[in-house]
Amino acid sequence: MQTWFENYKTIIIFLHILSAVVWVGGMIAIKFAVHPVIQTIEEPNIRLGTNLHIVGRLFNLVMPFIALSLICALIIIKGAGYAGGFIHLKEAIWTIMSLNYMYMYIQRSKAQTLFNRGDLAGAKAKMRLLPTILLPINIVLGVIAIFLGVMLRG
Ligand code: HEM
């Protein structure tokens, strides 16, 4: 494993960092650049429909990168022989972020179904916590995970 890891170290760490860039960067872009602009759309139907569409695309985009970040992390830990508190902290952060992501994914899907049926109020209620609480939680945790990654590298 060690020799194999030495040969592929650069690409595996690159993929771990790329996953972080897409996952955390994607959420920051949606929250701070895309969402505020969508809120300026006056027609409620178009505003909510666009929101659902964009968030749905983000969630599908990041899904493989969530898995990739963990796969690469596990290879790095085994290959480089990492152990200790920071590793467990990063594992815990990844788990919370993934559970939060899954919850948001399900809420968005339910909101889409309600929206397609014409239940605008119901769809809006399902999406309420996403931009205000759930997405910011994952952004903060993601930034902490990046910082811990830098600490681990030393
Ligand atoms: C939650 C999502 C995660 C994000 C956003 C993230 C982000 C990062 C980043 C940006 C680095 C590179 C730091 C640098 O080059 O200085 C890094 C390194 C690292 N991460 Fe993660 N990480 C995540 C999850 C995990 C998990 C779950 C683990 C382990 C269970 C882990 C273990 C590591 C290790 C061991 C390194 C050091 C790699 C090396 O030796 O260069 N990461 N992480």
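## The ligand pocket

The ligand takes up the space of the largest pocket in this predicted model. Around the ligand you will find 22 residues, and the closest of them are His16, Tyr82, Lys90, Glu91 and Arg153.

Which helices build this shell? At least two residues each come from α1 (2-38), α2 (44-80), α3 (85-116) and α5 (129-153). Helix α5 makes the largest contribution, with 7 residues of the shell.

## What the ligand meets

By residue class, the shell around the ligand splits into 16 nonpolar, 3 polar and 3 charged residues.

Several polar side-chain atoms also come up to the ligand. Look at histidine 16 first: an N or O atom of its side chain lies 2.9 Å from a nitrogen atom of the ligand. For lysine 90, the distance between a side-chain N or O atom and a ligand nitrogen is 2.5 Å. Tyrosine 82 faces an oxygen atom of the ligand instead, with a polar side-chain atom 2.5 Å from that oxygen.

How many salt bridges does the structure hold? There is 1, and it pairs glutamate 6 with lysine 9, whose closest N and O atoms are 3.8 Å apart. Both glutamate 6 and lysine 9 belong to helix α1, where they sit 3 residues apart, or about one turn of the helix.

Conventions. Residues numbered from 1 in each chain as written. Predicted model: local features only at pLDDT ≥ 70, side-chain atom pairs only at ≥ 80, totals over all residues. Heavy atoms only, no water. Near = heavy atom within 4 Å. Polar contact = N/O pair within 3.5 Å; in protein donor to acceptor, adjacent residues only side chain to side chain. 1 Å grid on protein atoms, 1.4 Å probe; cavity = no way out; pocket = protein on both sides within 12 Å on 5 of 7 lines; lining within 4 Å. Sits in = over half its atoms within 2 Å of the grid points. Helix = DSSP H or I, 4+ residues; strand = E, 2+ residues; numbered from the N terminus. Nonpolar A, V, L, I, M, F, W, Y, C, P; charged D, E, K, R; others polar. Salt bridge = Lys/Arg side-chain N within 4 Å of Asp/Glu carboxyl O.
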